Each structure stands twice: as C-alpha cells, then as structure tokens.
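Have the structure open as you read.

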Amino acid sequence: MNKKERALEILNRLAKRYPSPEPALDWTDPWELLVATALSAQCTDERVNMVTPVFFQRWPTIADAAGAEVSEIEDVVRSTGFFRNKAKNIKAAATRIMEVYGGEVPRTMAELVTLGGVARKTASIVLSNAFGVNEGIAVDTHVKRLAFRLGLTTKTDPVQIEKDLMPLIPRESWGDINHYLVFYGREVCPARKPRCGECALADICPKKGVN
C-alpha cells in the first residue's frame, strides 16, 4: 500500500466512524467561528465554549468588537490563555473586516489571512465549515501528530505538512480530514499513550514515533 492508498483508506475508515463531523467549538456564523478558533489556540474547546457566549453577549456584532477596548476584550478572554495577543488580534480582525470587507467575513484564503491573528489553519477552518470552501487543510497539533504517525508526512512545519497532505486527500474532504484526525487523536491516538490495541487503523499504520 503506497502513501496515497493509505491516506484514502484512512479517510474512508474515519468517515465511517465520524459520519457527521462538526467543529467541537460552538458557533452560529462565520465571525463567531473565527473568534472561537482564534481563542482555541493553546486552549481547550470546552473553555472556549464557556467564554464565547460571554464575548458575543458583550459584543454581538463585528462592529461592536471593532469598537471595543482591547483591555475589555482581554478581561473576557483572559481564561483562554495568551489573552493579550488574542484580544489585540480579535479587535484588529474586526476592525479590518469593517473597514476593508464591508462588515462581512471574507470568503477567500488570501483575504482571511490579512486579518489580525489569522493564519492558514484558522482560515481553512472558517472557509470549510462556515462557507463550504476547501482551500486548505487545517494542521493543528492532532493533525500534525497523526499525519506523522500514520506515515503521511515526515515534516514538522504545519505549512509543509499541509502541502504533503493536500495531494493525498481529495479536495472535497480537506475540511473533514481535520475533524477526523482531531477526534481520533483525542479518542484513540493521544500523544503519550496511543491505544494501538483498539485502533481501527492499526493494520495500516506504520506507527512512526511510537515506542
């Protein structure tokens, strides 16, 4: 089985395991998903889901967030960690959306990555989940670990990992593969003690980096 065949078999098996993949973050529109994703860096989804209702009650619209004081945003998002940087970026993103994009979250990778704190990972998540547009594969810590462990990449840089994965996964599944690997990484294949004995991919996994 070559790398492409293995990737497609992984995709097929995980698609059966997770028939309706959705982000673990709570959101109702593209802006809410963008903010939640930005807050999720180095933070659990559960914590983010506790903070975002408070955030959006305080600042219901993008215009409200753009007009907020950074210090006030800091107070609300403090518990998510790295709160100063996150607050600064959220306000900057909201301001740019209002000034450049007419108050609407843009729908292309090129435009999204011009927003404060938005790199390819966040942009890919927003595009695939909020707009149904697949322009990239979001590479977070779970995707990075599993892509290496499953022998789909030897790289360590998220941008290079994404470049390795994109030719292996059909474009229409770029958004889903992120969800599949995140869920599977949490449930079966964590970093320290992968449960290989109960893994549905064990027969095709090269177990890279597993002692």
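## The second largest pocket

Helix 6 (83-100) is the top contributor to the lining of the second largest pocket, giving five residues. Helix 2 (30-39) and helix 8 (120-130) also supply at least two residues each, as helix 6 does. Helices here are DSSP runs of H or I with at least four residues, strands are E runs of at least two, and numbering starts at the N terminus. A pocket is an open set of points on a 1 Å grid over the protein atoms alone, with protein on both sides within 12 Å along at least five of seven lines; a cavity is a set where a 1.4 Å probe fits but cannot get out; and lining residues have an atom within 4 Å of a point.

This pocket has a volume of about 250 Å³, where volume is the space filled by probe spheres set on the points, with grid points joined across faces, edges and corners. Its lining counts 16 residues, and Ala38, Ala41, Asn89, Gly117 and Thr122 lie nearest the centre. By class they split into eight nonpolar, six polar and two charged. Nonpolar covers Ala, Val, Leu, Ile, Met, Phe, Trp, Tyr, Cys and Pro, charged covers Asp, Glu, Lys and Arg, and the others, Gly among them, are polar.

## About the model

This is a predicted model, with local features needing pLDDT of at least 70 and side-chain atom pairs counting only at pLDDT 80 or more, while totals for chains, interfaces and linings use all residues. Residues are numbered from 1 along each chain as its sequence is written, and side-chain values use heavy atoms, leaving out hydrogens and water.

## The largest pocket

The largest pocket holds about 590 Å³ of space. Of its 24 lining residues, Ser40, Asp45, Lys121, Asp140 and Arg186 are closest to the centre. Helix 3, helix 8, helix 9 (141-149) and helix 11 each give two or more residues, and helix 11 has the largest share, with five. The lining has 10 nonpolar, eight polar and six charged residues.

Two cavities of 30 Å³ or more turn up in a search of the whole structure. The largest has a volume of about 120 Å³, and of the 15 residues that line it, Arg149, Cys189, Cys196, Cys199 and Cys205 are closest to its centre. That lining has 12 nonpolar, no polar and three charged residues.

The second largest cavity holds about 50 Å³. Its lining includes Ser124, Asn129, Trp174 and His179, and helix 8 and helix 11 (174-187) each supply at least two residues. By class this lining has three nonpolar, seven polar and no charged residues.

## Cores and overall build

The largest nonpolar core has 38 residues, and Trp31, Leu34, Phe55 and Val105 are among those with the most contacts inside it. Such a core is a set of buried Ala, Val, Leu, Ile, Met, Phe, Trp, Tyr and Cys residues joined through side-chain atoms within 4.5 Å. Buried means under 20% relative accessible area, exposed over 50%, and partly exposed in between (1.4 Å probe, protein chains only). Apart from that core lies another, of 28 residues, including Val139, Trp174, Cys189 and Leu201.

Overall, the protein has 11 helices and zero strands. Buried residues make up 46% of its 211 residues, and its C-alpha trace spans about 55 × 30 × 30 Å along the principal axes.
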